[in-house]
Amino acid sequence: MRVLVCDDSAVMRKAISQIIASDPKFTVIDTAKNGREAVEKAAALKPDLITMDIEMPELDGLTALSRIMAQCPTRVLMVSSLTKDGSRSALTALRLGAMDFVAKDQSQITLSVDALREQILMKLRALAEARPPRVVAQSLTGGTAEKLPVYKPGMFDAILIGSSTGGPPALEQLLTKLPADLSCPVIIAQHMPELFTRSMSERLDQQCAVTVVHGENRMPLLRGTVYICPGGKHARVHRASPGRFELEISPEPREALYKPCVNELFSSGARVLRDRCLGVILTGMGDDGLIGAKALVAAGGKMLAQSAESCVVYGMPKGVTQQGLAEATLSPGQIGQCLISLRSGVTTGTPASSTPPSAATGDGRDRRGRFGSAA
């Protein structure tokens, strides 16, 4: 696989090039010191993969990415700073067509950038197997003519979603279709550092009719609310009392390869919710979620998997589908479409299994009929 390395720092260009060259699967064909060079060399050299810094002179990484995707769509791995601004820029890059990102801590970068070595190689190997970005972009909202499952309001106490590489754009396509009066809560485990999960939850809350929050331990699970598990921790469903559920956020198990771990989330749904749980597995490398999906289906729950043609990396959904655990394989847009039927006509912000207060009680809901933080 031929790789173009783009970074305004000569030290970083050399270090990233050495990391990539250490894997015989890859060859660094050239480097670029700014966004303008990146666009020119991408068009001339037609690399299989590009690593792209976000902050560069003459032409920044986001603008360069937009032009590359318009002229010669290529698999791009962004290199973002581990800051709040960096997290927002990385998420913007994913919407513009980048397939994944690595986060660099500017305060700890050395000549060897050892902290980035594992991340860069792992993600480049995954992207080497990824579908071309143009094909993925065209199939996020559409999909095959497969019949959509039919669900009824009150059928589930929670929807649990797991995603990894390519997850943020897929989640946006899915969640923006959900109605504000969704009859149950949604919990998401997305493989991503905490700064990035927080920025993602803030953006999704602005884009969606449902409420989207960055999860905290012991939050009550409310209908019409989406909970994003903080990066570096795990999310589980916890039964607080008969008919009432809470979000459990925990660093355990610390040895888990992925934090958050989709297996932990799905397994909690199997234990606590059983046949009143819907699991959804989206794009991502590896097989995180497969063990939990087996437990969830064995307990009577249902599973949906993202279709191969709409995945950036068809890893996590592939295992679930091949094991016969998914009742349907759909694009993110189709998954969101079939969840619309779960609207309850009940005001958002009430416990998933309780009778909501009257809309006329003056209970502090915002303009979308949602409760504030006190809920």
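In which sense do strands β4 and β5 pair, and over how many bridges? The views below come from a predicted model, in which local features need pLDDT of at least 70, side-chain atom pairs count only at pLDDT 80 or more, and totals for chains, interfaces and linings use all residues. Residues are numbered from 1 along each chain as its sequence is written, and side-chain values use heavy atoms, with hydrogens and water left out.

**View 1. Strands β4 and β5.** Strand β4 (residues 75-81) pairs with β5 in the parallel sense over five bridges. Helices (H or I, at least four residues) and strands (E, at least two) are DSSP runs, numbered from the N terminus; two strands pair if DSSP finds at least two bridges between them. Ser80 has Ala103 of β5 as its bridge partner.

**View 2. The parallel sheet.** Five strands form an open sheet in the order β2-β1-β3-β4-β5. Because β2 (27-32) and β5 (100-104) each have a single partner strand, one side of each is left without a neighbour in the sheet.

**View 3. Helix α1.** The twelve residues of helix α1 (residues 10-21) should span 16 Å at 1.5 Å a residue, and the end C-alpha atoms are 16 Å apart, which agrees. The expected span is 1.5 Å times one less than the number of residues. Buried residues (under 20% relative accessible area, 1.4 Å probe, protein chains only) in α1 include Met12, Ile16 and Ile20.

**View 4. The antiparallel sheet.** Three strands form an open sheet in the order β9-β12-β11, with antiparallel pairing. Seven bridges join β11 and strand β12 (residues 244-250); the bridge partner of Arg236 is Glu248 in β12.

Terms used: Buried means under 20% relative accessible area, exposed over 50%, partly exposed in between (1.4 Å probe, protein chains only).
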